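Please look at the sequence and the structure before reading on.

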Amino acid sequence: DPLVRRSPALQATRDAVEPSVRMNAVTLAQYGLSDGIEVRVQQGQGEAQLKVMVDEGVPTNCVRVAAAH
């Protein structure tokens, strides 16, 4: 399994992209954040340090974090 995970072909897929928290520019400005910084995201007992990315496909006042990261 460690060899498969490091496969160049698999690393080139969009599933291998580093996880991030995505929000649109309006929400980013409301929280005083900027594109590319790291933030701590919490839900229940879990938390993660993720890079912020601007994504205008995310509605205002919402954030998107991909599952399984």
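## Terms and source

Strands are DSSP runs (E, at least two residues), numbered from the N terminus. Two of them pair if DSSP finds at least two bridges between them.

The model is predicted: local features need pLDDT of at least 70, side-chain atom pairs count only at pLDDT 80 or more, and totals for chains, interfaces and linings use all residues. Residues are numbered from 1 along each chain as its sequence is written, and side-chain values use heavy atoms, with hydrogens and water left out.

## The sheet

The open sheet has four strands in the order E2-E3-E1-E4, with mixed pairing. Strand E2 (38-43) and strand E4 (64-65) are at the edges with a single partner strand each, so one side of each has no neighbour in the sheet.

Six bridges join E2 to strand E3 (residues 46-54) in the antiparallel sense. Arg-40 has Gln-49 in E3 as its bridge partner.

## The core

A nonpolar core is a set of buried Ala, Val, Leu, Ile, Met, Phe, Trp, Tyr and Cys residues joined through side-chain atoms within 4.5 Å; buried means under 20% relative accessible area (1.4 Å probe, protein chains only). The largest one here consists of six residues: Val-21, Met-23, Leu-28, Val-39, Leu-50 and Val-52. Strand E1 (20-23) and E3 each give two or more residues to this core.

## Two residues

Contact means heavy atoms within 4.5 Å. Not counting residues up to four places away in sequence, Leu-50 touches Pro-19, Ser-20, Val-21, Ile-37, Glu-38, Val-39, Val-41 and Val-65.

Val-63 is in the loop between E3 and E4. Leaving aside neighbours within four places in sequence, Val-63 contacts Val-21, Arg-22, Met-23 and Val-58.

Technical notes. Buried < 20%, exposed > 50% of the residue type's maximum accessible area, 1.4 Å probe, protein only.
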